[in-house]
Amino acid sequence: MSNPATESAARTAPFIDVKSVTVRYDLSRTGGTLTAVEDVNLTISEGEFVTVLGPSGCGKTTVMNVIAGLVEASEGEVLVDGRRVEGPGPERAVVFQDYALLPWRSVFDNVKFGLEMQAHLKSEDWRMRVQEAIDLVGLSGFENSYPRELSGGMQQRVGLARAIVAEPRILLMDEPLGAVDALTREVMRDEIEKLITATGKTVIFITHSIEEAILLGDRIVVFKSHPGSVLEEITVDLPRPRSERGAQSDPRYLELRDHLWEVLQNEATAASRGGRAS
Ligand code: ADP
Ligand code: MG
């Protein structure tokens with residue numbers, strides 16, 4: 001029998017723990033450094049869907065890349081399930097805004113790329129898993145197509161399939177719907193919500209859409225710039241599944257939306273003035 005006390009402790013223990021992370025980039029041209037983010041602290045529980053909002057250039061991608069193990073923190077550290085992140089790992093997968101597909105590979109082979117780090121898999125196993133991931137994102141029948149033959153929405157589905165094929169516990173999604181048209185965006189947002197709530201994955205989802213942040217997130221983290229850090233965290237206490245149409249008439253949704261508009265507008269103004277004194 002499971003012990004409810006241990007279970008609830010496990011649920012509340014941070015699964016992802018971003019501890020005082022500062023990232024400074026070396027600027028080769030001037031020889032100086034740029035503090036992209038400073039003292040970022042963030043804890044995320046297993047199974048949580050966290051959306052991230054903030055003005056352009058405030059360091060959202062940088063923090064995600066530190067969690068992904070693609071960028072090294074200058075100070076601080078990230079723990080995932082208690083272990084320090086030292087580089088990329090199979091339990092974390094990234095979905096990039098610009099899809100980052102390999103143009104010379106078919107859909108099938110692009111998705112297969114997500115498994116190529118896992119040399120221990122037998123070929124019949126990986127074939128099945130690649131096909132399952134393709135089916136799950138609705139691309140059955142396009143296995144032999146090349147990225148250039150696909151719409152933006154379909155290319156992003158390939159990016160999503162490549163990320164989920166290795167069955168990561170954590171999905172890091174950097175404006176994954178930023179480059180697709182409005183209608184596709186809405187359809188994919190609903191599909192992502194279904195897919196992820198069904199699989200219980202932990203998700204960090206960067207977006208510039210306030211509506212998307214509210215409709216998808218269990219919690220919204222708002223970043224500020226100069227230097228980037230966490231400004232505000234808001235729990236989204238709206239029932240699921242959420243639909244844009246249903247939300248439009250929900251006073252709590254409208255209240256959250258207005259609040260976020262105001263916060264982000266203030267931030268954008270501060271950012272355009274060159275930020276605060278540092
Ligand atoms: P966001 O994703 O919120 O738009 P980024 O994390 O991409 O922000 O960037 C934060 C800041 O760091 C920006 O000022 C950006 O120009 C700078 N930056 C990002 N990546 C690099 C890099 N590789 N080298 C130098 N500066 C960078
Ligand atoms: Mg970014």
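Helix H2 is the top contributor to the shell around ligand 1, giving three residues. Keep in mind as you go that this is a predicted model.

**Stop 1: the shell.** Select ligand 1, then show its surroundings: Tyr25, Leu27, Leu34, Ala36, Pro55, Ser56, Gly57, Cys58, Gly59, Lys60, Thr61 and Thr62. Now colour helix H2 (60–68) and strand E2 (33–44), which each supply at least two residues of this shell. Sorted by class, the shell has six nonpolar residues, five polar ones and one charged.

**Stop 2: polar contacts.** Zoom in on the oxygen atoms of ligand 1. Start with threonine 62, where a polar side-chain atom sits 2.5 Å from a ligand oxygen. Next, pick glycine 57: one of its backbone N or O atoms is 2.7 Å from an oxygen of ligand 1. At glycine 59, a polar backbone atom lies 3.0 Å from a ligand oxygen. The protein covers 60% of the 560 Å² of accessible area that ligand 1 has on its own.

**Stop 3: the largest pocket.** Here you will find about 580 Å³ of space. To get to its centre, select Arg92, Ala93, Val94, Gly114 and Met117, the closest of the 20 lining residues. Strand E6 (92–95) and helix H5 (152–164) each give two or more residues to this lining, which comprises 13 nonpolar, four polar and three charged residues.

**Stop 4: the second largest pocket.** This one has a volume of about 180 Å³. Show strand E4 (residues 75–80), which gives the most to the lining, three residues. The lining counts five nonpolar, three polar and four charged residues.

Definitions and conventions
Residues are numbered from 1 along each chain as its sequence is written. Chains are lettered from A and ligands numbered from 1 in the order in which they are written. This is a predicted model: local features need pLDDT of at least 70, side-chain atom pairs count only at pLDDT 80 or more; totals for chains, interfaces and linings use all residues. Side-chain values use heavy atoms; hydrogens and water are left out. A residue is near a molecule or strand if one of its heavy atoms lies within 4 Å of it. A polar contact is a pair of N or O atoms within 3.5 Å; within protein, one must be able to donate a hydrogen and the other to accept it, and residues adjacent in sequence count only if both atoms are side-chain atoms. Accessible areas come from the Shrake-Rupley method with a 1.4 Å probe; for residues, only the protein chains shown count as cover. Helices (H or I, at least four residues) and strands (E, at least two) are DSSP runs, numbered from the N terminus. Ala, Val, Leu, Ile, Met, Phe, Trp, Tyr, Cys and Pro count as nonpolar, Asp, Glu, Lys and Arg as charged, and the others, Gly among them, as polar. On a 1 Å grid over the protein atoms alone, a cavity is a set of points where a 1.4 Å probe fits but cannot get out, and a pocket is an open set with protein on both sides within 12 Å along at least five of seven lines; lining residues have an atom within 4 Å of a point. Grid points are joined across faces, edges and corners, and a volume is the space filled by probe spheres set on the points.
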